[in-house]
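Welcome! Take a moment to look over the sequence and the model, and then let us walk through them together.

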Amino acid sequence: MKGQRGLGCGALLVALAVARSGGGEADQVRETADPLAALVQGLATGRLQVIDLTQSLSDRTPVIQLPPPFADTPGFEKHLISNFDEQGPAWYWNWFRVGEHVGTHFDAPCHWITGKDQPCVDGLEARQFIGPAAVIDVTAEVRLDPNFVATRETILAWERQHGRVPPGAWVILRTGWGARAADAEAFMNPGADGTPRYPGFGKDSAEFLTQERDVLGVGTEAIGTDAAAGAAADPPFPNHAIMHGAGRFGLTQLANVDRLPAAGAVVIAAPLKIERGSGSPVRAIALVPTR
Ligand code: MN
């Protein structure tokens with residue numbers, strides 16, 4: 001286990017508890033006393049950093065544009081209620097309107113037809129919002145081809161360096177795309193014919209991750225979890241079709257992915273508990289050990 005030297009307080013508690021119990025319950029005590037003490041101490045000492053994986057929500061947040069005849073989602077709109085004025089002399093507050101799939105957000109299984117009988121955001125266990133992050137760096141590939149689509153081999157190449165994708169992982173594609181998030185034109189990156197070009201997951205990667213690994217879901221920096229090329233694939237948006245059909249999730253428009261290690265971070269991404277919500281904006285964060 002990492003961080004043995006940093007466990008001081010937790011280790012002391014364990015030692016006291018073990019002394020009291022005569023050692024017979026040592027394993028049980030260690031399991032119950034150690035992890036949160038280590039977490040709290042890690043945060044207090046800076047041995048654990050908290051990285052914000054979330055883009056700001058504003059009326060400039062890029063939203064996905066579907067071709068006709070499909071309906072598009074509204075973006076984010078913020079409306080003032082009062083600002084220390086006659087509408088509310090001592091309080092500032094707003095109300096907002098936003099689509100479920102706007103900005104840094106969570107895709108629930110019921111978002112897709114393949115997962116229509118699977119849980120929506122309100123039916124998921126809170127435990128399912130936390131998992132280790134496998135961060136796959138494909139920035140070099142994306143520089144050569146903005147339509148990069150992850151495959152089984154993309155994940156296997158990561159595994160050769162970092163070991164098997166852990167159970168319950170968020171598998172996150174690091175592409176450099178987050179740097180474009182404030183500029184809708186650069187973010188959608190249309191070609192000469194207006195077709196968007198951005199990287200993401202596809203059929204091959206989704207089949208591998210749902211059939212041969214056990215993941216919470218996948219995350220990207222772009223507008224969706226599928227690469228732009230997925231719009232013209234069969235089935236359309238194959239990562240959505242396969243992931244959500246298998247009850248797995250998506251995270252999109254992630255920020256600061258370049259600050260995550262390839263392995264060793266934990267990502268927490270909890271959607272709003274919207275009744276039958278197909279997704280929700282999230283404040284996604286990562287706990288990252290400092291080296
Ligand atoms: Mn979505």
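## A walk from the sheet to the loops

Let us begin with one residue and its surroundings, keeping in mind that this model is predicted. Leaving aside neighbours within four places in sequence, Leu-216 is in contact with Gln-128, Gly-131, Gly-168, Ala-169, Trp-170, Arg-248 and Phe-249. This residue belongs to strand 7, which covers residues 215-219. Is Leu-216 buried or exposed? It counts as buried, because it has 26 C-beta neighbours inside 10 Å, and the cut-off for that label is 20 or more. Another part of the chain to look at here is Gly-247, which is 31 residues away from Leu-216 along the chain, with 8.6 Å between the two C-alpha atoms.

One of the contacts of Leu-216 deserves a visit of its own. Trp-170 touches Leu-216 in return, along with Gly-131, Ala-133, Gly-217, Gly-219, Leu-251 and Val-267, again not counting residues up to four places away in sequence. As background, nonpolar side chains tend to be buried together in soluble globular proteins.

Strand 6 and strand 7 are also partners: they pair in the parallel sense over four bridges.

Next, turn to a pair of helices. Helix 4 (residues 152-162) packs against helix 6 (residues 203-211) at an angle of about 55°, and their axes are 7 Å apart. Because of that angle, helix 4 counts as oblique to helix 6. On the helix 4 side the contact is made by Arg-152, Thr-154 and Ile-155, while helix 6 brings Asp-204, Ser-205, Phe-208 and Leu-209. Sorted by class, this contact has three nonpolar, two polar and two charged residues.

Finally, let us look at some backbone details in the loops. Most residues other than glycine have a negative phi, and most peptide bonds are trans. Where does this model depart from that? The peptide bond from Pro-68 to Pro-69 is cis, with omega near 10°, and Pro-69 sits in the loop between strand 1 and strand 2 (77-85). Another cis bond runs from Asp-234 to Pro-235, with omega near 0°; Pro-235 is in the loop between strand 7 and helix 7 (238-245).

Positive phi values turn up as well. Asn-189, in the loop between helix 5 (184-188) and helix 6, has a phi near 55°. Gln-253 has a phi near 55° too, and its place is in the loop between strand 8 (249-252) and strand 9 (265-268). As for their surroundings, Asn-189 counts as partly exposed because it has 19 C-beta neighbours inside 10 Å, whereas Gln-253, with 30, counts as buried.

Notes. Residues numbered from 1 in each chain as written. Predicted model: local features only at pLDDT ≥ 70, side-chain atom pairs only at ≥ 80, totals over all residues. Contact = placed C-beta atoms within 7 Å. Helix = DSSP H or I, 4+ residues; strand = E, 2+ residues; numbered from the N terminus. Buried ≥ 20, exposed ≤ 12 C-beta atoms within 10 Å, placed from the backbone. Pairing = 2+ DSSP bridges. Axes fitted to C-alpha atoms, helices over the stretch in contact; angles between N-to-C directions. Parallel < 35°, antiparallel > 145°, perpendicular 65-115°, else oblique. Nonpolar A, V, L, I, M, F, W, Y, C, P; charged D, E, K, R; others polar.
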